[in-house]
Amino acid sequence: MKKISKSARSSFINYGIVLIFFLFFQIMLSTGKLSNSLSGQLIPICTYVIMALALNLVVGISGELSLGHAGFMSVGAFSGVVVATALKDVITVSPIRLILAIVIGAVLAAVAGTIIGIPVLRLQGDYLAIVTLAFGEIIKNVLNCLYIGADSKGLHFSMKDGNSLNMETGGTVIINGPQGALGIQKISTFAAAIILVLIVLFIIQNLVNSRAGRAIKAIRDNRIAAESCGLNIMKYKMMAFVLSAAIAGAAGALYALNYSTVVPKKFDFNTSILVLVFVVLGGIGNLRGSMIAAAILTVLPELLRQFQDYRMLVYAIVLILVMIITNNSKAKDLLGRVGAKIFKKSAVQKG
Amino acid sequence: MSEKDNRPILEVSHLGIDFGGLTAVDDFNISLAKTEIAGLIGPNGAGKTTIFNLLTKVYQPSRGKIVLDDKDTNGMNTIQVNRAGIARTFQNIRLFDKLTVEDNVKIGLHNHTEYNMWSGIFRLPKYWNEEKRSHEKALELLSIFDMQDLADATAGSLPYGAQRRLEIVRALATEPKVLLLDEPAAGMNPSETAELMENIRKIRDKFQIAVLLIEHDMNLVMGICEGIAVLNFGKIIAKGTPSQIQNNPQVIEAYLGKKKEAK
Ligand SMILES: Nc1ncnc2c1ncn2[C@@H]1O[C@H](COP(=O)(O)OP(=O)(O)OP(=O)(O)O)[C@@H](O)[C@H]1O
Ligand SMILES: [Mg+2]
């Protein structure tokens, strides 16, 4: 038998963890054992898992710092909502509309990433952190005064107010300034969210373990040596950053289409930092760690509702525990072995 | 032999650089034959590493001309110079510490591996073929130093000597015409150094390339270099064969003699 490489094994364990997570909650859902508040968290969990993976590509794999990933998420969220709502009557099959919304959300976020990346990634230093921080704030403020409506003639845009959209009667306002996107049809599903997680994992893991991913990591480890080996630094920094922005955009579309309203404020600096916390706690460059951290820390506030006033205190304690566990090599080893065992078992069951 | 083979592969004339008021290198000239092993020696701070940084465009020269294989490298950056055929190692080792030994070599092979991001993500046939080829090539290159068993180790975890050897393998993987080695024997014990000497010769014979090396170990320099240039305060003070250099009073005064005193 051909020897399976370490990286391939680790990739398959990650797919296994996601599938087990899906099966577990799907069974809980269909047997009605899941509380309402928790079942409402399933798609947000997947969204933040995807966000953590996307940011880890920039922070962990490429070694740059982004403080505005929520900005890319909001680009994807609002463009996704516009696409899904505008095509409501044209494409009646909602999964296809969801796919279109996610793809267009990803493409527009990638465009935003390209516009930021081209000038900033040329520079060495912490410029990317500063510029993405500004981008996150700017995009939030732009969306706060953006009005988009749709009628039989097509889309109408305005930066002033809803009235200046000049729509014919019967037109619908899709994005209404600071009130955000309204009347969204909830077409995101848990299964779709899981599929997106798997696709993103597939893309990032295969990229990391290929020629391009090797180059991205080499540039992170030693830029001068990478140059002396003839690597095109700009190309690979852009590749990681734009791909990450696109994935964040896809996550944004998935997220927004799970709610009936979404406000621009949702994607602010705090959200960017929250995702960064997932990445740091899960281990910079450690995809599995950041997925687990994102999932746990997204449901935690819900689960802690019963602690009432002590909620944030417990949250802080859990944060510290996660940090200790994920950064302790012995604990990591143990987690890895447990994970491998679970995966092996599930593989046996399947086979 | 044809006339081309006698033409130098690297020709450097009047090369110089100033850092503010300090002239670190001035009027540096050297000519390397196609398969020559040459040495660059001189006291600490003489400007040896700076010359490597100029040749590889880590610093842009203030003046002078660098011609590689009949091509003027004026206006090229570090990346383009490597693609044109100059590879180097670093005095203060610069490996990709978190990558495996094999991956370090594969980075050297990067521009000779042909598949794009999408073939990598979707694992198209091109990915499998090219990865297999570069895996085999990497092991073959590592075997020069008998390092193929270390392929899966993390580069940063290797002992000092092995790290230096890996840097040479990585540089070779870029398929250079000229190989620059900055103190390749630093930190090695005498038997390792002797082995390195043999291997540098082997590399030159096998790959038919020119080697320019900076080294403080005089046994190594005098043992394998066909031509030697001596640098002091950024200027060449002597050039010649090992025996000429060893008997040059100016060199003894500036460098060799001092070294004996230190011992
Ligand atoms: N980027 C720089 N800015 C200012 N001065 C520099 C710079 N790089 C090198 N120098 C100076 O140039 C001179 C030559 O340095 P270089 O590193 O080339 O010496 P060297 O011959 O390699 O010495 P060693 O044997 O110690 O490695 C030194 O005086 C050094 O301080
Ligand atoms: Mg030096």
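Is B:Thr73 buried or exposed, and what is its relative accessibility? B:Thr73 counts as buried, at 2% relative accessibility. The model is predicted.

**The loop residue B:Thr73**
- B:Thr73 sits in a loop of chain B, between strand 5 (71-72) and helix 3 (78-84).
- The cut-off for buried is under 20% relative accessible area, so the 2% of B:Thr73 falls on the buried side.
- Leaving aside residues up to four places away in sequence, B:Thr73 touches B:Lys57, B:Ile66 and B:Leu68.

**The sheet of chain B**
- Chain B holds an open sheet of 6 strands, in the order 6-7-8-3-9-10. Its pairing is mixed.
- Strand 6 (86-88) and strand 10 (235-240) of chain B stand at the edges. Each has a single partner strand, so one side of each lacks a neighbour in the sheet.
- From one strand to the next, the twist averages 20°.
- Strand 3 (residues 37-41) and strand 8 (residues 210-214) of chain B pair in the parallel sense, over 4 bridges.
- B:Ala38 stands opposite B:Leu212, which belongs to strand 8 of chain B.

**Helices across the sheet strands**
- Helix 7 (residues 160-173) of chain B lies across strand 6 and strand 7 (178-182) of chain B. The helix runs at about 160° to strand 7 of chain B.
- Helix 8 (residues 190-207) of chain B lies across strand 3, strand 7 and strand 8 of chain B. Its angle to strand 3 of chain B is about 135°.

**Aromatic pairs**
- A pair of aromatic rings is described by the distance of the centres and the angle of the planes.
- Over all chains, the count comes to 17 aromatic pairs.
- A:Phe22 and A:Phe190 have ring centres 5.3 Å apart and planes at 45°, so this pair is tilted.
- A:Phe22 lies in helix 1 (residues 6-30) of chain A, and A:Phe190 in helix 7 (residues 190-208) of chain A. The pair therefore ties together parts that are 168 residues apart in sequence.
- A:Phe22 and A:Phe190 are both buried.
- B:Tyr127 and B:Trp128 form an edge-to-face pair, 4.9 Å centre to centre with 80° between the planes.
- B:Tyr127 counts as buried at 7% relative accessibility, whereas B:Trp128 is partly exposed with a relative accessible area of 45%.
- One aromatic cluster in chain A is formed by A:Tyr48, A:Phe78, A:Tyr255, A:Tyr259, A:Phe267 and A:Phe278.

**Charges over rings**
- B:Arg94 places its charged end over the ring of B:Phe90, 5.6 Å from the ring centre.
- B:Arg170 places its charged end over the ring of B:Phe96, 4.8 Å from the ring centre.

**Nonpolar cores**
- In soluble globular proteins, nonpolar side chains tend to be buried together.
- The largest nonpolar core has 121 residues. A:Phe72 and A:Leu207 touch the most other members.
- Helix 10 (residues 233-256) of chain A gives the largest share of this core, 19 residues.
- Not counting residues up to four places away in sequence, the contacts of A:Leu207 include A:Leu57, A:Ala212, A:Gly213 and A:Ile216. A:Leu207 also touches A:Met239, A:Leu243, B:Met117 and B:Ile121.
- Another core, of 48 residues, lies apart from the largest one. Among its members are B:Ala138, B:Leu158, B:Leu213 and B:Ile228.

Notes: Residues numbered from 1 in each chain as written. Chains lettered and ligands numbered in written order. Predicted model: local features only at pLDDT ≥ 70, side-chain atom pairs only at ≥ 80, totals over all residues. Heavy atoms only, no water. Phe/Tyr/Trp six-rings, centres within 6.5 Å; stacked < 30°, edge-to-face > 60°. Helix = DSSP H or I, 4+ residues; strand = E, 2+ residues; numbered from the N terminus. Buried < 20%, exposed > 50% of the residue type's maximum accessible area, 1.4 Å probe, protein only. Lys NZ or Arg CZ within 6 Å of the ring centre and 35° of its normal. Pairing = 2+ DSSP bridges. Axes fitted to C-alpha atoms, helices over the stretch in contact; angles between N-to-C directions. Contact = heavy atoms within 4.5 Å. Core = buried A, V, L, I, M, F, W, Y, C linked by side-chain atoms within 4.5 Å.
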